[in-house]
Each structure stands twice: as structure tokens, then as C-alpha cells.
Amino acid sequence: MTNVLIATDKPFAPVAVKGIREVVEEAGFELGLLEGYTSKEELLNGVKDADAMIIRSDKADKDVIDAGQNLKIIVRAGAGYDNVDLQAATNKGIVVMNTPGQNSNAVAELALGMMTYYARGFFNGKSGTELMGKTLGIHAYGWVGKNVARIAKGFGMNVYAFDPFIPKEEIEKDDVKWVATVEELYKACQYISLHIPANAQTKGSINHALLSLMPKKGVLVNTARAEVIDEADLLKIFAERDDIAYLSDVAPSNLADFQENYSSRIFCTPKKMGAQTSEANVNAGIAAAKQIVAFLRNGDKTFQVNK
Ligand code: 3PG
């Protein structure tokens with residue numbers, strides 16, 4: 001029997017698991033569930049008999065890939081696949097996919113939610129500020145960036161975007177101001193929302209030079225990845241300027257330093273929760289299950305990321 005394993009340290013909503021099960025069982029496959037595991041051993045053990053695996057931010061490193069002796073496909077139910085060792089998978093002929101766009105509205109809603117929370121003084125009862133009329137710079141205009149733009153325009157924000165991989169016309173047709181350089185974006189916008197992936201080019205790229213361009217009362221919002229921030233530089237700019245704030249769904253490793261000295265200018269979710277909605281879990285989870293069925297049955301490799 002073909003085995004499909006859901007291996008999620010951060011479980012999907014039960015309704016999503018139910019939907020995945022329906023897709024998998026209808027195809028005549030068997031579903032295994034490894035949720036909320038606490039050690040790598042459990043994952044190594046769980047993947048042993050799996051032909052296909054659905055993960056979230058779970059680390060599919062070389063050990064996991066080697067342990068999956070029957071593995072043919074890994075689907076990251078979500079956007080970023082920096083948690084998968086693509087080379088190790090490719091070496092073993094395993095196909096890796098993601099499910100682009102499926103959880104992007106959830107992440108975008110959280111980004112705007114955090115901005116509102118900060119603008120209103122963390123709901124402390126005192127007079128705050130509004131988002132209407134403020135400038136928002138979207139750093140990378142992919143699925144999440146597009147959704148952030150759509151919602152922010154509803155708030156009446158002036159939305160800008162920088163993305164070297166997206167044509168100017170595509171950004172402008174959404175009534176978003178295109179800027180040619182990342183420096184221009186950081187200079188122009190009070191709020192910056194990060195949507196870049198974590199890769200060799202982007203890791204540590206949000207650095208002092210860039211952050212120091214931000215206008216007065218600059219707010220950096222990170223629902224992307226912690227690794228794209230140069231954390232020492234962020235701490236440095238916090239020390240230099242008492243107007244800068246950081247709102248993040250992916251807490252920095254030096255969070256204690258920020259909380260100790262700058263608690264009124266930092267907010268981090270206790271656990272990454274941008275994609276933690278039942279809608280996003282259903283969308284991404286069921287898309288992953290369908291992609292697995294289409295691949296195992298017909299060899300459909302749409303959404304493969306390790307080509
Ligand atoms: C993604 O890359 O899709 C998001 O960061 C969500 O990640 P998660 O599935 O671990 O919540």
C-alpha cells in the first residue's frame with residue numbers, strides 16, 4: 001500500500017487533516033499522521049515507510065531524506081522550502097514541491113494585523129495612530145506581497161513595492177507604486193513588509209545600511225524568515241534610533257536583548273503563526289495531497305522546486 005505521511009511539528013487544523021485524508025484515501029493510498037513530534041528520532045522513524053511526505057516548516061534534512069527509503073516526493077505545504085535539503089533529495093531522485101499561494105492571504109492578514117496592533121500602542125488604551133495615509137513598502141511582490149498590497153489599499157495606505165523578478169507593469173497594474181531599487185523602497189516608506197525567501201543571496205541582507213534609510217518612525221514587519229535580518233545590525237539601529245520598531249512572526253535569536261531594552265518597539269509572535277488559520281491549512285494541505293496523488297499516479301511534476 002502506498003503510504004502518505006503528514007509530518008508536522010506544528011499541526012494543521014483538524015479540518016485540514018480530514019480533507020487531506022479524503023484526498024489520499026480516495027486515491028487508494030494510506031495516510032499516516034505524525035503531529036507535534038518533539039524529537040528528530042520520531043521524524044526519522046515516521047518517514048521510514050513513507051512513499052510521500054507532507055511537511056510545513058519541518059526540517060527535511062539529509063538524515064530525514066536518507067531515512068525515507070521509499071520516499072518519492074516531499075511536498076512542503078506552504079511557500080518557503082528553505083527547510084528542505086534540495087540537493088540531498090535530488091541526489092536520491094526525490095521530487096520536492098511547494099504549494100505556492102495557498103497560505104498567502106493568512107500571512108498577509110497577520111502582517112496588517114501586527115501593523116494595526118503596533119500603531120494602536122499594543123491596544124494599551126492610549127491614543128495611537130492610523131494606517132490610513134501612511135506609506136507601506138512591500139519588499140518582494142510574490143503571493144504574500146500581493147495580498148498585503150490588496151489589504152493595505154483597503155486601509156488607505158500608499159503602497160510601494162520592490163521586486164527585481166517581477167515586471168514593473170505587473171506591480172503597477174495593481175495600483176502599487178513600483179520602485180527600481182531596494183534603497184528607494186526603504187527611503188520612501190514608513191512601514192516595510194518583508195516577503196523575501198531565505199537563500200544565499202538574502203540571508204543577512206536586511207542590514208544597517210538599509211535600515212538606516214528608513215524615515216522617522218520606521219516600522220519593519222517580518223512575516224518571512226528570521227535569517228534575512230542581520231540581527232546585530234537591527235540591534236545597532238535600535239540603539240541608535242529610538243523611533244524604529246520591529247514586528248515579527250519569526251523571532252530573532254537575540255530577542256531577549258530587544259525585550260530587555262526596547263519592549264515598547266518590538267513585538268514577536270510566540271510561535272510562527274502567519275499560516276496558522278484553518279483556511280490556509282485546508283488550502284495548502286489539500287493542494288499538497290492533490291499534488292502527491294497527481295505525481296504518484298501520472299508523474300505530474302507541476303510545482304517541483306528541485307529541478
Ligand atoms: C510558508 O513558507 O509557507 C510560511 O512561512 C508558513 O510556514 P508554516 O507552514 O510553517 O506555518
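A: Threonine 135 stands opposite asparagine 158 in β7. This is a predicted model, where local features need pLDDT of at least 70, side-chain atom pairs count only at pLDDT 80 or more, and totals for chains, interfaces and linings use all residues. Residues are numbered from 1 along each chain as its sequence is written, and side-chain values use heavy atoms, without hydrogens or water.

The two strands (DSSP runs of E, at least two residues, numbered from the N terminus) are β6, residues 135-139, and β7, residues 158-162. They pair (at least two DSSP bridges between them) in the parallel sense, over five bridges.

Step back to the sheet. It is open, has seven strands and pairs in parallel. The order runs β8-β7-β6-β9-β10-β11-β12. β8 (177-178) and β12 (266-268) stand at the edges; each has a single partner strand, so one side of each lacks a neighbour in the sheet.

Now the ligand. Residues near it (a heavy atom within 4 Å) include Lys10, Ser57, Asn103 and Lys272. By class, this shell has two nonpolar, four polar and five charged residues; Ala counts as nonpolar, Lys and Arg as charged, and Gly as polar.

Polar contacts (N or O pairs within 3.5 Å) come next. A ligand oxygen is 2.9 Å from a side-chain N or O atom of arginine 56. For arginine 225, that side-chain distance is 2.8 Å. At alanine 79, a polar backbone atom is 2.6 Å from a ligand oxygen. The protein covers 95% of the 310 Å² of accessible area (Shrake-Rupley, 1.4 Å probe) that the ligand has on its own.

Key:
Polar contact = N/O pair within 3.5 Å; in protein donor to acceptor, adjacent residues only side chain to side chain. Helix = DSSP H or I, 4+ residues; strand = E, 2+ residues; numbered from the N terminus.
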